[in-house]
Amino acid sequence: MAIFGKSYDYFLGYALSGGGARGFAHLGTLKVLESYGLKPDVIAGTSAGALAGVLYADGYHPDEIVDLFRKREFREFVSITIPRTGFLKSTGLHTFLKKNLRAKRFEELQLPFYAVATDWERACSVTFSEGDNLVDAVVASCSIPIVFNPQVIDNVPYVDGGILKNFPVTVIRKKCRYLVGVNVSLMIPPAEKESIRTMVERTFNLMSNANTLVDKSYCDILIETHGLERVSMFDLHNQNQIMEAGYQAAANTMAEKRSLEIVRRCHRHVELQKKIQMRLQRINEAIKQ
């Protein structure tokens, strides 16, 4: 509908980056955006952003999402496997999503949702947005290579979307009039004591940061969470601290003049939509009479 000059599929979109446990910062950010009266028309997410995004698109409030993870251990979401393509299987995450997602298909979500994964064989980024492979797509988006086995969908192995597209802004940029990008995966320092886990984390962090530069430049509002550089991507014990960091980052960014102007335009768009819907309703009622 071209009521704002150019035809877009959506007026406001959110792009949520990957970042492991730092993805809990997305929930603090979503709370701030809601406090400004904003609600997205579409969400794109990679890895942790896909996990937070799919639950939000399914109708969960950010506080409800963090409650789903509270007092859980990382080992609850995985199982040990013979290390052929990965040390762990993401069966626990698969079960968790099947149990808690109300929607079974992409089309049943309350908001359009795009999950980004990486086709392991063709070495390209792939976006899932329709069909009944909703849970598999989100698990694929979160499947860090070496750590997890690839997620097979229609005989194709997929791994974490963050390898090639950790910040999925360009996935929906052309579809949206305005886009809010939330990046929770900033550069982390080398570990003081190296281990396989810290090596994997830093390697993945270097890759994901390298492929976010272009996407950052396409955001109308860019929210980046600082202060989490020492938080492990597998840390499920500090949800409140991580969520609070996301809240503060969003509160600071949304208070800026540019952000407030976009908020004003979003509110004006919603009001215009309501007026158009009311007018169409009156016309339909008149026709029926």
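## Residue M254

M254 has 0% relative accessibility and therefore counts as buried, a class defined as under 20% relative accessible area, with exposed over 50% and partly exposed in between, for a 1.4 Å probe and protein chains only. The model is predicted, so local features need pLDDT of at least 70 and side-chain atom pairs count only at pLDDT 80 or more, while totals for chains, interfaces and linings use all residues. Residues are numbered from 1 along each chain as its sequence is written, and side-chain values use heavy atoms, with hydrogens and water left out.

M254 lies in helix α10. Apart from its neighbours within four places in sequence, M254 is in contact with V32, L33, Y36, L38, I221, I223, S259, L260 and V263, where contact means heavy atoms within 4.5 Å. The C-alpha atoms of M254 and T29 are separated by 9.9 Å, although the two residues are 225 residues apart along the chain.

## Helix α10

Helix α10 covers residues 239-254, and its 16 residues reach 22 Å from the first C-alpha to the last, close to the 22 Å expected at 1.5 Å a residue. That expected span is 1.5 Å times one less than the number of residues. Helices here are DSSP runs of H or I with at least four residues, strands are runs of E with at least two, and both are numbered from the N terminus.

Q239, I242, M243, A245, G246, A249, A250, T253 and M254 are the buried residues of α10. Viewed down the axis of α10, these buried residues fall within an arc of 155°, so they line one face of the helix; the arc is taken over the directions from the helix axis to the C-beta atoms. The cover over the buried residues of α10 includes α1 (24-35), α3 (62-69), β11 and α11 (257-288).

## Strand β10 and its partners

Seven of the eight residues of strand β10 (residues 176-183) are buried, so this strand is largely enclosed by the rest of the structure. Strand β1 (residues 10-16) pairs with β10 in the parallel sense over six bridges; pairing requires that DSSP find at least two bridges between two strands. C176 in β10 is the bridge partner of Y10.

Strand β11 (residues 221-224) also runs parallel to β10, to which four bridges join it. L222 in β11 is the bridge partner of G181.

## Helix α2

In helix α2 (residues 48-57), 10 of the 10 residues are buried, so α2 is largely enclosed by the rest of the structure. Just after α2, G59 adopts a positive phi of about 105°.
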